[in-house]
Amino acid sequence: MENRVLIGPAIAAALSRAREVEKRAPRTLRIRLHLVTDNGGGLQITARISAETDEELMVQEKKGRRLVSWDELDETADRLVEIVEEVAAEVLSSVQSLPRPTRQSGGGTLSEGLQREAALAELCAEKVVRAADRAINDPTVNLDAAAKAEAAMMAGLKLAALSAFAIGVKAAELVEELECELANLKQGIRDHPTFSMHRKLHS
């Protein structure tokens with residue numbers, strides 16, 4: 001008992017190492033630790049690289065994931081930092097093992113399929129944001145700016161959850177996608193101080 005590693009500090013150390021690994025990664029890497037209830041539940045550690053091609057998306061399938069069940073957590077606490085590094089190395093090596101994508105005439109590396117998907121996502125986002133902007137700024141809506149922004153956020157989460165349910169995406173995977181999008185948005189704001197569009201929703 002005296003040599004047992006406490007779970008709380010072990011998870012904190014694993015989170016800290018995850019941020020370090022993300023910063024030194026050669027590609028945009030996201031490492032997440034979250035609790036799951038499926039298959040008996042436990043602590044799941046996942047790593048994912050933002051895919052630039054269909055091949056990069058596929059090669060990461062079922063990789064970079066470790067589920068530490070509740071009954072294993074006590075004995076595995078001292079290995080959580082090591083597991084963080086393992087899942088990161090796994091997805092990095094799988095992506096780096098692929099041939100370098102050929103740049104297209106426009107300078108990008110996205111495949112045609114991913115380009116169409118990204119374009120549709122941007123189109124949908126613009127329409128949803130414009131609709132939300134009109135709704136929350138309707139003169140009959142008697143709420144302050146913070147409450148309006150929160151309402152818009154809840155609407156967006158409901159839409160994301162509905163879409164995820166329709167294609168069988170698990171809740172943990174949806175949370176991971178939302179965290180990645182939030183990180184991308186924050187980076188866009190840092191890189192472009194004048195960034196506004198309709199995304200601020202006048203809040």
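Helix H4 (residues 80-96) lies across strands S1, S2 and S3 and runs at about 30° to S2. This arrangement belongs to a predicted model. The protein as a whole has seven helices and three strands, and from the N terminus on its elements run α-β-β-α-β-α-α-α-α-α. The points below begin with the sheet, continue with the helices and end with the surface.

**The sheet as a whole**

- The three strands form an open sheet in the order S1-S2-S3, and their pairing is antiparallel.
- Strand S1 (29-36) and strand S3 (65-69) stand at the edges with a single partner strand each, so one side of each has no neighbour in the sheet.
- On average, neighbouring strands of this sheet are turned by 15° against each other, when direction is ignored.

**The pairing of S1 and S2**

- Eight bridges connect S1 with strand S2 (residues 42-49), and the two strands pair in the antiparallel sense.
- Leu-33 has Ile-45 in S2 as its bridge partner.
- Leu-35 likewise has a bridge partner in S2, namely Leu-43.
- His-34 stands opposite Gln-44 in S2.
- The hairpin of S1 and S2 has five residues between the strands, and Asn-39 in this hairpin takes a positive phi near 50°.

**The pairing of S2 and S3**

- S2 and S3 run antiparallel and are joined by five bridges.

**Burial of the strands**

- A residue counts as buried when its relative accessible area is under 20%.
- In S1, seven of the eight residues are buried, so this strand is largely enclosed by the rest of the structure.
- In S2, seven of the eight residues are also buried, and this strand is therefore largely enclosed by the rest of the structure.

- Ser-94 is a residue of helix H4, the helix that lies across S1, S2 and S3.
- Ser-94 counts as buried because its relative accessibility is 5%, which falls under the 20% limit.
- When neighbours within four places in sequence are left aside, Ser-94 is in contact with Val-59, Gln-60 and Lys-63.

- Glu-72 lies in helix H3 (residues 70-76).
- With a relative accessible area of 42%, Glu-72 is partly exposed.
- Glu-72 and Leu-43 are 29 residues apart in sequence, while their C-alpha atoms are 9.7 Å apart in space.
- Leu-43 is also the bridge partner of Leu-35 in the pairing described above.
- Among contacts in the protein between residues at least 6 apart in sequence, 57% join residues at least 24 apart.

**The surface**

- The accessible surface of the protein comes to about 13,700 Å², and 57% of this surface belongs to carbon and sulfur atoms.
- A nonpolar patch on the surface is formed by Met-153, Met-154, Leu-157 and Leu-178, which together have about 330 Å² of accessible area.
- Helix H6 (residues 145-166) gives the most to the nonpolar patch, with three residues.
- Leu-178, another member of the patch, lies in helix H7 (residues 171-191).
- Leu-178 is partly exposed, with a relative accessible area of 35%.

Technical notes
Residues numbered from 1 in each chain as written. Predicted model: local features only at pLDDT ≥ 70, side-chain atom pairs only at ≥ 80, totals over all residues. Heavy atoms only, no water. Pairing = 2+ DSSP bridges. Helix = DSSP H or I, 4+ residues; strand = E, 2+ residues; numbered from the N terminus. Axes fitted to C-alpha atoms, helices over the stretch in contact; angles between N-to-C directions. Contact = heavy atoms within 4.5 Å. Buried < 20%, exposed > 50% of the residue type's maximum accessible area, 1.4 Å probe, protein only. Patch = residues over 30% accessible without salt bridge, like charges linked within 9 Å, V, L, I, M, F, W, Y side chains within 5 Å. Areas by Shrake-Rupley, 256 points an atom, 1.4 Å probe, with all protein chains shown as cover. Salt bridge = Lys/Arg side-chain N within 4 Å of Asp/Glu carboxyl O.
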